[in-house]
Amino acid sequence: MEQCNTKDKLLEENKKIMDDKKAIMKQIEAEQGNMSVYHEKQAEMSSDTTCLEIKLVETQERLKDAEERRGEATEAKKVLEEGAVSIKKDIGDVELRIQKLGQETTSRDHTIRSLSENIENNDSVINKLNKEKKYI
């Protein structure tokens, strides 16, 4: 009888172990399904990472090109600013010349008026002298 009890006990334990085995197998199958989802996500993310790395390289190249263009534009701006400074200096020189010429013109006009007045006075004096000469 003790053997029967032991056998029954062992059969129960065996059944319990089989049930545990089935539960563990179901859990493994479920987790393997989760593993396939994980592998799919990993592949997708790997693909996304590759695409993003390519975009990063392209963006870095565009940035490099933009920085080179900005540097060239800065150099061109400096050259243009130097030219503008030179032109402003030339304009200032021309304005100064115009001002000096205006002053010279005013001075000459004044001299011409003075000489014209002297000539008129001299003509007047000559006319008077000629009239006096006729009477004499």
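Select glutamate 81 first: at 41% relative accessibility, this residue counts as partly exposed, a class lying between buried (under 20% relative accessible area) and exposed (over 50%), computed with a 1.4 Å probe and protein chains only. The model is a predicted one, in which local features need pLDDT of at least 70 and side-chain atom pairs count only at pLDDT 80 or more, while totals for chains, interfaces and linings use all residues. Residues are numbered from 1 along each chain as its sequence is written, and side-chain values use heavy atoms, with hydrogens and water left out.

Because lysine 77 and glutamate 81 are 4 residues apart in helix 1, about one helical turn separates them. Helices here are DSSP runs of H or I with at least four residues, strands are runs of E with at least two, and both are numbered from the N terminus.

Now select lysine 78 and glutamate 75. Lysine 78 is partly exposed at 44% relative accessibility, and glutamate 75 is partly exposed at 46%. A search of the whole structure finds 2 salt bridges.

Move to Glu58, Glu61, Asp65, Glu67, Glu68 and Glu72, which form a negative surface patch. Such a patch joins like charges within 9 Å, using residues with over 30% relative accessible area and no salt bridge; Asp and Glu count as negative, and a charge is placed at CG of Asp or CD of Glu. Within this selection, glutamate 67 lies in helix 1, residues 2-135, and is partly exposed at 43% relative accessibility.

Then select lysine 89, also in helix 1, which counts as exposed at 56% relative accessibility. A C-alpha distance from here to glutamine 99, 10 residues along the chain, gives 15 Å.

The C-alpha trace spans about 195 × 20 × 15 Å along its principal axes. Buried residues make up 0% of the 136 residues.

Conventions. Patches are made of residues with over 30% relative accessible area and no salt bridge: like charges are joined within 9 Å, nonpolar side chains (Val, Leu, Ile, Met, Phe, Trp, Tyr) within 5 Å. Accessible areas come from the Shrake-Rupley method with a 1.4 Å probe; for residues, only the protein chains shown count as cover. A salt bridge is a side-chain nitrogen of Lys or Arg within 4 Å of a carboxyl oxygen of Asp or Glu.
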